[in-house]
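I opened this entry to record what I looked up, beginning with the terms and moving on to the parts of the chain.

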Amino acid sequence: MKKTLGLAALAAVLACSTAYAQQVNVKIGVLSDMSSLYADIGGPGSVAAAKLAVADFQKTNPNVKVELISGDHQNKPDVGSQVANQWFDVDKVDVIVDVPNSGVALAVSEIARAKNKLFIVSGAAASTLTGAKCNPNTVHWTYDTWMLANGTGKAMVKTGGDTWFFLTADYAFGHALEADTTGVVEKNGGKVVGKVRVPLNTNDFSSFLLQAQSSKAKVIGLANAGGDTINSIKQSAEFGIVKGGQKLAGLLVFSSDVNALGLPTAQGLSLTETWYWDMNDANRAWTKRWNAERNAAGKYPTMIHAGVYSGILHYLKARAALGAGEFDGKAVTDKMKSMPTDDVLFGKGTIRPDGRKIHPAYLFEVKAPSESKHPGDFYTLKATIPADEAFRPLKEGGCPMVSG
Amino acid sequence: MFEIFGIPSNALFGQLLIGLINGSFYALLSLGLAVIFGMLNIINFSHGAQYMMGAFAAYLMLKYSGLGYWPALIIAPLLVGITGVIVERLFLQWLYKLDHLYGLLLTFGLALIIEGVARNQLGSAGLPYVVPDELRGGQNLGFMFLPNYRAWVIVASLTICIATWFIIERTRLGAYLRAATENPALVRAFGINVPRIITLTYGFGVALAAFAGVMAAPIYNVSPQMGSELIIVVFAVVVIGGMGSILGAIVTGFGLGVVEGLTKVFFPEASNTVIFVIMAIVLLVRPAGLFGRRA
């Protein structure tokens, strides 16, 4: 008996030492907007989320050594490309994460492909990242324009909002969102009666809102983001759009935007997200840790932050499973796709061959001030869109890797 | 109802009015810039940041001391104006004799610092501020729905603009001020404290920016970058009006608001470039601006 125990102990020691011998080194770069309009939906909060992911993973896998760096792309594709090139070539970064702003993300995705590295998108929205512009080195984690359009668009049409007018941000993201939503609206029997393309970072939407008002469309779709969304919602309240019987559909609204609008202005707004901090105990517990790491009381993590956490965790699992040695980006991506995903924030999920991460989406409605029980209590859950319906069907994306 | 270039006249009137409202903001902001440039010869690049400070001051007053919109409309410009006075005493007063570029660089640097601090303390996503109760709702004018708050913006902005123009161009105080810029040594010989006048003028220009900031808080997103988004357009307005010309700043402010409003109907994609196109044309034809005097 004693002998068996001794052998077991010896075996355990040996096992440990082989594990140590198989040390895995990885370097992760969080590339985000650190100092401008998307800094609250991604930015330093994404870095905090990345740190939590690394800490959680290393608790059970001390043999994986992770170096984490971060950078600012300033919302400029040229700056983002330059940082990505330098990280991959000089700093030997294995994977770039986050990258809000679809323009920058599309550029970084192309660089990851050319250098055979890995790119996990959490912040950007364009569904083309896993559609026509898909590649074997990019995984699109949190959300995309198709999912937003499908979630909010379908729900609005189903509840009688069958004529639409779009206020569209005049760049890649806005066009993608408008196109995806138009598809959903028309498929469900609705009609688009008009649209106006608004330059990015417009201060005053009143002209456009008047046009939307006189179009008599039942729904005004806001295919914009960040400050543009906030300004357009704030001003449509002023112009009595909702009181006049028209509905607003915020196609991309983050909890930070709702915070910026205040519940009196934002109440009643329908929106789709894939993660909300106050939805269950696991999310609330994580938010507490995130707050401590972020060192910012009174801020709430967005789904982008949650996606950074979840994406890095899955990457580390896949990388550790491959073991020591050098692996190119495609090999790691393939491993990630072959393993089911599972974490406390998004639950169980998968990554499709086109790089699309699949999980449920949630249709929320912003609470009235009287319904809100505590700070950050923003949403009522209206519907859950199951994972297999939340994202664009694999065949419809036009991704060359899938259609052959 | 008749149509003009395929646009129903109703819609067009609405857009003209909207243009005037936006013009009010351009006029208020470019007025401050014109006063500061005209009197101090400083190109105040921190004007946008000071506009943002006005909006943030209003937000913070509401949050921490419960002071609403109306007190904020007076107190916020005063507070921000005082910071302007401090900036002038500490930095700007040493730059008057140097090239314009130094003032521009200094104020630009200040703007970056102010924005950075605001972003760090209050985040980039923006903060809520609601329209005061008295000005909620609106009037149906037949051709458009005019929110009461917007009507108030036009009235307040026009009043401030005309008052400022009157003080500087038509009163004794304004005469001192203009004389002090023209020939400081002579004015000082008459027993007038020239540096103090200049300091207060800068403070006043900054307070105008903060006033515009408070006016903007209920309708625009209150965020650290709200000023830098607007300031470039406002500079274009000042350049078109003629650097330092107060009347020019006011007239072009309102005028360009209208032009921009019309562009938003006929060709929305160009609405944020149209002002710069006009600027280029004006600079080609009249390098000193529409109302500027050739140096």
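Before listing any neighbours, I note that I take contact to mean heavy atoms within 4.5 Å. I also note that this is a predicted model.

Entry on the domains. I looked up the domain assignment of chain A, which gives domain 1 as 24-143 + 279-359 and domain 2 as 146-273 + 361-390.

Entry on the interface. I find 16 residues of domain 1 of chain A in contact with 23 residues of domain 2 of chain A, and the area buried between the two domains is about 1,600 Å², with 71% of that area coming from carbon and sulfur atoms. On the side of domain 1, Met279(A), Tyr300(A) and Met303(A) supply 31% of the area that this domain buries against domain 2, more than any other three residues. I looked for salt bridges between domain 1 and domain 2 of chain A and the count is zero, whereas the rule finds four residue pairs in polar contact across this interface. The residues of domain 1 that touch domain 2 divide into 11 nonpolar, five polar and no charged.

Entry on Arg352(A). I placed this residue in the loop between β12 (347-351) and β13 (357-358) of chain A. Is Arg352(A) buried or exposed? I record Arg352(A) as buried, because its relative accessible area is 14%, which is under the 20% cut-off. Leaving out residues up to four places away in sequence, Arg352(A) touches Lys337(A), Ile358(A), Arg392(A), Pro393(A) and Leu394(A). For one of these, Arg392(A), I noted that the backbone oxygen lies 2.7 Å from a polar atom of the side chain of Arg352(A).

Key:
Residues are numbered from 1 along each chain as its sequence is written. Chains are lettered from A and ligands numbered from 1 in the order in which they are written. This is a predicted model: local features need pLDDT of at least 70, side-chain atom pairs count only at pLDDT 80 or more; totals for chains, interfaces and linings use all residues. Side-chain values use heavy atoms; hydrogens and water are left out. Domain bounds come from an automatic or database domain assignment. Buried area is the accessible area (1.4 Å probe) that two parts lose on being put together, summed over both. A salt bridge is a side-chain nitrogen of Lys or Arg within 4 Å of a carboxyl oxygen of Asp or Glu. A polar contact is a pair of N or O atoms within 3.5 Å; within protein, one must be able to donate a hydrogen and the other to accept it, and residues adjacent in sequence count only if both atoms are side-chain atoms. Ala, Val, Leu, Ile, Met, Phe, Trp, Tyr, Cys and Pro count as nonpolar, Asp, Glu, Lys and Arg as charged, and the others, Gly among them, as polar. Helices (H or I, at least four residues) and strands (E, at least two) are DSSP runs, numbered from the N terminus. Buried means under 20% relative accessible area, exposed over 50%, partly exposed in between (1.4 Å probe, protein chains only).
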